[in-house]
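Here are some notes for anyone opening this one for the first time. Keep the viewer handy and follow the points in order.

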Amino acid sequence: MSAFSAIGEEREIDRDEYTPGVEPQPTWCPGCGDFGVLKALKQALPEVGRTPEETLLCTGIGCSGKLNSYLDSYGFHTLHGRSLPVARAAKLANPGLEVIAAGGDGDGYGIGGNHFTHTARENHDMTYIVFNNEIFGLTKGQTSPTSPKGHKSKTQPHGSAKEPVKPLSLSLNAGASYVARTAAVNPNQAKEILIEAMEHDGFAHVDFLTQCPTWNKDARQYVPYIDVNDSDDYEFDVTDRVEAAEMMRTTEEALYKGEVLTGRFYVDEERPSYQQEKQAIGEMPDEPLAERYWDDDYEWERSYDHFLDKHA
Amino acid sequence: MTDNELIWRISGGSGDGIASTSQNFAKALMRSGLHVFTHRHYPSRIRGGHTYTEIRASAEPVRSRGDGYNFLLALGDSFARNPQENAVYGNEEVKPLSENLDELREGGVIVYDEGLLDPSDIPDFDERVEENDWHVYPLDLRGLAREQGREVMRNTAGVGATCALIGMNREHVEDLMRDAMPEKIFEPNLEILETAYESVLENYDADAHDVTVPSGEHDEQQVLLSGSDAISYGAIDEGCRFIAGYPMTPWTEVFTIMTKNLPELGGISEQVEDEIAAAAMAVGASHAGVKAMSGSSGGGFALMSEPLGLAEMTETPVVLIEAMRAGPSTGMPTKPEQSDLEHVLYTSQGDSQRVVLAPGTVEEAYEQSRLAFEIAYEYQIPAILLYDQKLGGEMLNVPKSHFDREPNADLGKTLSEAQLTEQPHTPDGKFHRFQHEADDGVSPRSIPGQKGGRYLATGNEHGPSGHINEDPDNRTAQIDRRLEKLEVIREHLDTADTQTYMGPEEAEYGILTFGSQQGTVAEAVDVLNANGHSVKALGVSDMLPFPTAEVEAFIESVDAALVVEMTASGQFRGLIQKNLGRHGEKLSSLLKYNGNPFEPAEIVDGFESVVVEGDDLDSSTTTFVPAAGD
């Protein structure tokens, strides 16, 4: 019998279960795109049948990191940029958990860029939501890795001399097997994409455009949006790397010209997840490691029996 | 201390198989009934450079390198850079011989590979041989090896020659080679061993010198382990089944031992992008209910500061190990030092809420590795095992029965789903993971996936259910509770008997040390007492929480004490004074930070010359710092 009976439990789930009584109301600014992520997650989780207690939400630091103050589940509000290593280790320890990592664009593409690259490369079976508002919000409006070139702020008073990070292309090249972009202003698509991302067996990266009405002024900056999968103007095969790469490039350039392209950009259902790869080479047990510590019949191995003879 | 001891040094270049040859020979000596201790010296270089391993063997227990040595097997350095007088590295080809002469004792034996080494390149070689009564046996080891197999097997030829010259039975070496080598390699090696052995007996009179193998007997089976082996096995026996890391000398040893062994135990090892990720993964795995560890050496550990603080704040049990080497920055990667002490005690923002243990011997490395896990999980706190390149790499024989102990995979105060139903929750069902009032400051935890256990872990200050909370009363209650654990841990450690006393119970003078210098201090204390001084020593293992009462009692029981450590700024002495707040006038320091660990004679010198005589040190390799107020 599992020590974790929330995992795999089949029951009706009420959306309200994800609203914590301690902090039912977020402190985000009125009109903030972060509300859109919270709402989409609350809608998507019951649809994929994951209850609060089989879900582990790991966040970074920033406005986005407050997500797990406002979404009730097991939560780990980690460090700036470090949600991914915490999340992927928890997934390895107990693969039955629904593991979601989330953070902002500075968190994921700046300070945590190394972890992002390698988690995508390894294709851990988890969902990574990046709240991309092209600005540092909680620290009051500094230029971020996705701010457009020329962006002026107190830390870039003469306008940023840097090209912004291209998150979708970066993700594809790093090895993510599901790459999508959605926007807070597009709640239906956001919900659908989060459902797909959670159901995907591998690293699913969702670049979530979340407008910042306080520091980026224009609360409508991501409107109107175009869904590239529905639009007749764009035709490409989401399972084809080369076509996906080109579409991503187009999308990333268009954003800074005021055209908001969203949708699924790359989906690879064939690639084994990291867990599968690791198990295939005998480096990860079939049974969740976390269960073993609750198994009273398990005979814990001793170095005395296993390794000492070779030292004799 | 015995009259008859063999201290055998094998020298060559990195990549010449010095490490594996010496390990096998040490094991052969152990199997023959002797106590052995190894000391290695190597450069941060893939190929070539002056490297040696020393094996000290005696019928009596040995716990340190000796003062000097008495048998040199100088192989060639196959990867030596061309001799250039003006280059910083000088004539590398001759270094396996030339670099080792200063420490060779009078009457010592030299075997060198005349196929590769030419003593005429060494200034005053013949004069020194005569002055010191050294016995020199040039042998064409390379040629011998080439005839039977391959040149690289010249190490075996050297071992064969050694056996012949010290009167050692070849059988133990043969048995080991049989165990360690595949048939195809074993046969020619055996041939080379025998040929070298016979050829020495034919051509030389092995009785011409006094260096012989001691004879001894063990009353129970022994195993030869390094500090890194012991730390790894301690972790395994404590139920650790998850490690994440990034390579860095010398921590890599533990990382590789764990990585090699974990799959057999159904555990997981992860080599990751950097040390931030490594420590964060150990935290994540532990949070999800697995006993987990990570580690690094100084530079990598610096990157772990963030996740270490996160583990403190979220009260996530985790064990980190720190294998010190000479710093700052890249420092000297393969050389031991103890100067990361303050780094490990205080790195990461806020008040330290961690445990730091510094084992002094291979046995302690095993015990305190286990203790670190036990404390980390029982008290939900990061525990750090602080050791160094010396302890990690040195090998010692330990009775196998020392490890015949029960495993312990206990997660500590972790609640089952049934127990969780009886715990306080918020009205909507969030578990009070961080209760203000908790026995011993330890609030029981749940594990993700458990029904009735959901809570928020956060690096922000938080209220009982984990939600961010900056209320002053809550803040004070939470930090007081977290710090209370350190007091309880101090009491726990007092029952674990982690400090080591050396020398007589009553003595006029004291020596204080920590970590890997303990064995050397023990040896020095024996010499000092034999020389008529009254000296005892205390090896301290608990760095945090510090055993203040115990150390204070020790210092109060002596007239003056010498603090021996491998740092340049006297960090350990500073730690003692910080915790005691007095007795600074009694404590002087003997420091060494040139990249080599203390030798017993240097401690004897520091004590006799300065503490007793009030003169200057004889040795130029150590530094004396007088007591405060002197």
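1. Start with the open sheet of nine strands, which runs in the order E7(A)-E8(A)-E5(A)-E6(A)-E4(A)-E3(A)-E1(A)-E2(A)-E15(B) and has mixed pairing. Keep in mind that this is a predicted model. The edges are strand E7 (225-227) of chain A and E15 of chain B, each of which pairs on one side only. Going from neighbour to neighbour in this sheet, the strands are turned by 20° on average, direction ignored.

2. Now look at where the chains join within that sheet. Strand E2 (residues 74-77) of chain A pairs with E15(B) in the parallel sense, over three bridges. To find the spot, look for A:Gly75, which stands opposite B:Leu456 in E15(B).

3. Next, the contact between the chains as a whole. Chain A puts in 54 residues and chain B 62 residues. On the chain B side, the elements that each supply at least two residues include strand E7 (222-226), helix H8 (227-237), helix H12 (305-314) and strand E15 (456-458). Helix H10 (275-287) of chain B is on that list too, and H10(B) gives the largest share, eight residues. By class, the side of chain B that touches chain A has 31 nonpolar, 17 polar and 14 charged residues.

4. Chain B also has an open sheet of six strands, in the order E16-E18-E17-E20-E21-E22, again with mixed pairing. Strand E16 (500-502) and strand E22 (623-625) of chain B have a single partner strand each, so one side of each is left without a neighbour in the sheet. Neighbouring strands here are turned by 20° against each other on average, direction ignored.

5. Inside that sheet, strand E17 (residues 509-514) and strand E20 (residues 560-565) of chain B run parallel and are joined by five bridges. One pair to pick out is B:Thr513 with its bridge partner B:Val564 in E20(B). Helix H19 (residues 548-556) of chain B packs on the sheet, touching E17, strand E18 (535-540) and E20 of chain B, and its direction makes about 165° with that of E18(B). Helix H20 (residues 571-580) of chain B lies across E17, E20 and strand E21 (587-591) of chain B, at about 135° to E20(B).

6. How do helix H1 (residues 18-31) and helix H6 (residues 171-180) of chain B cross? Their axes come within 9 Å and cross at roughly 130°, and H1(B) and H6(B) are therefore oblique to each other. The crossing is right-handed. On the H1(B) side, B:Asn24, B:Phe25, B:Lys27, B:Ala28 and B:Arg31 make the contact, meeting B:His172, B:Val173, B:Leu176, B:Met177 and B:Ala180 in H6(B). By class, that contact has six nonpolar, two polar and two charged residues.

7. Last, two helices to look at for burial. In helix H6 (residues 167-174) of chain A, the buried residues are A:Pro167, A:Leu168, A:Leu170, A:Ser171 and A:Leu172.

Conventions:
Residues numbered from 1 in each chain as written. Chains lettered and ligands numbered in written order. Predicted model: local features only at pLDDT ≥ 70, side-chain atom pairs only at ≥ 80, totals over all residues. Axes fitted to C-alpha atoms, helices over the stretch in contact; angles between N-to-C directions. Helix = DSSP H or I, 4+ residues; strand = E, 2+ residues; numbered from the N terminus. Parallel < 35°, antiparallel > 145°, perpendicular 65-115°, else oblique. Left-handed = near helix turned anticlockwise from the far one by under 90°. Contact = placed C-beta atoms within 7 Å. Nonpolar A, V, L, I, M, F, W, Y, C, P; charged D, E, K, R; others polar. Pairing = 2+ DSSP bridges. Buried ≥ 20, exposed ≤ 12 C-beta atoms within 10 Å, placed from the backbone.
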